[in-house]
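Hi everyone, thanks for coming. Please take a moment with the sequence and the model on the screen, and then I'll walk you through two parts of it.

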Amino acid sequence: MIPLQSDASATAAPEQLANVIDIATIFDAVLVFVVAYLFARVLAFLLSATAERSPTRRITIKMFIPVVRLLVYVLAVYVVVVPLLELNSTQLLAASGLFGAALGFGLRDVVAGLFGGLFIVFEKPFQVGDKVSIGDDYGEVTRIGLRSTTLRTPDDTAVVVPNDRLFTD
């Protein structure tokens, strides 16, 4: 941490910050993010190719591609940020807990939709092409995603239904 200083010596703070984040650090961070991007693309390609070879598990495998990408990007952010902040294990655990709690409250509906999507993938209460009624919406299932299911209504309107409505309606 940069200590608080009086107005007379306030010019030292930017110099200290410049010592922490230099060109090499920025280059390393960009390199880590580029490698993470390429790695995520390769993993997505491999998962897509595997999904196409397994017709029975195709949708299940394709639904995990965004999750794998997210994990790769979170790992890249971890690799870049932790050395910059110089956190010890206790501070890292506390920061992770606070971040997780804030993320949990902020993304409660999204996570509920993801769990609904996982339920649909593993339990298969319906598949693409089935005619279903979810809450007030009725139609043919045209797409099943991790967060939502798309229905084509009898009047040919596409309706996107969040997957968490399976549990609440």
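Let me begin with a term: a polar contact is a pair of N or O atoms within 3.5 Å, where, within protein, one must be able to donate a hydrogen and the other to accept it, and residues adjacent in sequence count only if both atoms are side-chain atoms. The side chains of D137 and R165 make such a contact, at 3.2 Å. A word on the source: this is a predicted model, where local features need pLDDT of at least 70 and side-chain atom pairs count only at pLDDT 80 or more, while totals for chains, interfaces and linings use all residues. Residues are numbered from 1 along each chain as its sequence is written, and side-chain values use heavy atoms, with hydrogens and water left out.

So where does D137 sit? D137 lies in strand β2, residues 137-144; strands here are DSSP runs of E with at least two residues, and helices are runs of H or I with at least four, numbered from the N terminus. Strand β2 belongs to an open, antiparallel sheet of four strands, ordered β1-β2-β3-β4. The edge strands, pairing on one side only, are β1 (131-134) and β4 (158-162). Two strands pair if DSSP finds at least two bridges between them, and four bridges join β2 to β3 (residues 148-152). In β3, R152 is the bridge partner of E140.

Now to the helices. In a right-handed crossing, α2 passes α4; right-handed means that the near helix is turned clockwise from the far one by less than a right angle, and left-handed means anticlockwise.
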